[in-house]
Each structure stands twice: as structure tokens, then as C-alpha cells.
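Thank you for coming; I would like to walk you slowly through one chain today. Please have a look at the picture while I talk.

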Amino acid sequence: MLSILLLILKIIGIILLVILGLVLLVLFVPICYRGDVHYSDDDFNTHFKVHWLFFPVRFLLSYENDELKQELRIFGFNVLKEKKKEEYEPPLADVSYENELELEAIYGQEKDEELIDLVDGESDFSEKEMLDPKFTSVEYPDAEIPDIEKIDTGIKESRWQRIKVKFKRKKKEEEKKPKIPLSRKIKVAAIRTRSKTLAILAQSVKAAETAMKKIQVIFEKISEYIKFIQRKSTRRAFKKAMALVVKLLKHIFPRKIKGRIDFGLDEPHLTGQALGGVAIAYDMFHIDPNDVETIPHFEKEMIDARLEYRGRIFICFLAFNGVKFILDPDTRKTIKFFKK
């Protein structure tokens, strides 16, 4: 008995270790990608390759000569491969003039359709279904309706009285008539006096009331969103979201980039401003100017970029930062507001 129990525990342990190993493999094996791009005034082509789990999962994407190609291979099998469907062409029938006259004589004349009763006298429904009012839509006028005052609920009398009083009060509140709008009163007066002027006035007042209700709803929404934006928790959540986006972009951005960019704009000063923006991007994403050579052309408008890049993405990094952001109290308050 003890040996069987140890064997079961051993199997369970092996299964748990396999599951743990697969989870760690998925989380800590990076998604590697590489590609190249060529963009100029009259040409654009790119190639992009992704592999994961040591090449069993590969994705290829290319755009060249105005043609887009994509391929997803899992253990060597192309999942996105489109099967060519052969169009079925029915055989041509040899219909002569005599055959057409024969077909028209057989099928061209209209015949009266006969109604056939297929009921064989046996019911497809059980006796319970036939007696169910919801099923047969039959009303029973002689049925006794139980009186709520005489129902034995098993509840103490004092508590039952409070429940009945509460029920009656709620029923009275529901039966209260709503406030009659001014347009309705004018319309009633117009019907009684048969005055067209009052009828037109009632329509105008009703349109004004509808417009005021819509405007009031809009202003309430705007004031609610203004209060939401002015909250300290919302501001903190927004700052954390921007920091998370920057962090994720830095992580996803290629680690190695090589190539050359030749560009020029309409005006020399615009080219200089663009060159300053490129310098800021180099510093933000840690791009080596020796790897990516940028050559400005101040005398003409043109662009010619040739780049090669490669990088990697860790799923554990994305999962950790995403869960951390979602579990943050400020983020949860913001999400709760949008779920209303």
C-alpha cells in the first residue's frame, strides 16, 4: 500500500515538474526577431523574421515588389498556407430545341398543390407538457389564486407584518405618478380647446425639454470626467502608464541596428530640426551613431534609408510589468471608473 502511494506521489511530482518547466520555458525563453527595411522615394521593401522556443515556432513576413508574403511555421508545418480551391464547373448539358419543348411541357404548367395532413393521431408531447400553461398558452379561469394574507410562511407574525408593510410602501412608491411636464399640459389644453396654436406651442416646448435633458446629461458627463481627471490617483496612474509605455518600448526596441539614412526636406532649417530629433532618438534608445550613419542633404528633398536590425522580447518582463501596473491601487481606481 505504501509503495503504491509513493508511486502516485512520484507521478504527480513528475507532472508538476513538467508543467513548471513548460511555464519557465515560456516565460524565460525570449522571442527573437530580426529584419531589414529599405525605403526611398520610389521603392519600399522589408523582411521580418521571428522565432521562439529555439526555432520550433517561426514567423516570416516580407513585402517586396508590391507583394505581401507571410508564413507561420510550427514544428515545420506552415499554418498560414492557403489551400487552392478548385472551382467546380458543372458539365454542359446537351439541350436541344426538342428537349426544351419537352421540359416546358412537363414542368412549365402550374399545378394546384394539395395540403396533406401528416398528423397520425399520436402526440409528440407528454401529458405534463400538454398541461403546462407556459407550453399550451391555456388560461384556467377557475384556478384558485392563493391569498398572500393566508400563506403560512413560517415567519414570526411581527416580522411578517413588517415585510408586508414594506412591500405595500414600495408598491405605493412605484404607483406614484411622475411629474407631468409642461409640454404635456399644453398638449392636453390644445386637445380640449382644439387650438392649433397651443398644439404648435406644445411641440416646441417638448423639443426644448428634450434638448435641455440631453444638454443636462452631457454637462453631467463632462463634470464627472473633469472631476475624474483632477483626481490625484488619476494623475499618478497616467504617469505610471506613460512610464510603462516607455519601458516597454525600450525593451521591445531592437538591440542592434545597422544601416544608413540619407534624407533632406524642403527647407534647410527643417532638415536641421529633423537632424536634432534624430539625435534625441539616438540618445533615448541608445543607438550608436557609428552603426547607423545619418547623412543630411540640405540642397534637395529626398530620403533613402537602409537598415538592418535584431532584438529580443522576454515574456516574463512583459508579464511582470503588466501585472504590477494592473494591481497598482491608482490603476485599479481608474479602471473601476471606466467600468461604470
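D66 is exposed, with a relative accessible area of 69%, where exposed means over 50% of relative accessible area, buried under 20% and partly exposed in between, computed with a 1.4 Å probe on protein chains only. Before I go on, a word on the source: this is a predicted model, in which local features need pLDDT of at least 70 and side-chain atom pairs count only at pLDDT 80 or more, while totals for chains, interfaces and linings use all residues. Residues are numbered from 1 along each chain as its sequence is written, and side-chain values use heavy atoms, with hydrogens and water left out.

D66 sits in the loop between β3 and β4, and its phi is near 60 degrees, a positive value in a residue other than glycine. N65 is found in the loop between β3 (57–64) and β4 (67–74), has a phi near 55 degrees, which is again positive in a residue other than glycine, and counts as exposed at 69% relative accessibility.

Stepping back, the protein chain has 11 helices and eight strands; helices (H or I, at least four residues) and strands (E, at least two) are DSSP runs, numbered from the N terminus. Strand β8 (residues 302–313) pairs with strand β1 (residues 31–40) in the antiparallel sense over 10 bridges, and two strands are said to pair if DSSP finds at least two bridges between them. In that pairing, I31 stands opposite I313 of β8. Strand β6 (residues 256–264) also runs antiparallel to β8, joined by nine bridges, and R260 has R306 in β8 as its bridge partner.

A polar atom of the T334 side chain lies 2.9 Å from the backbone oxygen of D330. Leaving aside residues up to four places away in sequence, T334 touches F228, T234 and A237, a contact being heavy atoms within 4.5 Å.

Finally, helix α7 (residues 196–230) packs with α11 at an angle of about 175 degrees, their axes 12 Å apart. That angle makes α7 roughly antiparallel to α11. Where they meet, E224, Y225 and F228 in α7 face T334, F337 and F338 in α11.

Conventions: Polar contact = N/O pair within 3.5 Å; in protein donor to acceptor, adjacent residues only side chain to side chain. Axes fitted to C-alpha atoms, helices over the stretch in contact; angles between N-to-C directions. Parallel < 35°, antiparallel > 145°, perpendicular 65-115°, else oblique.
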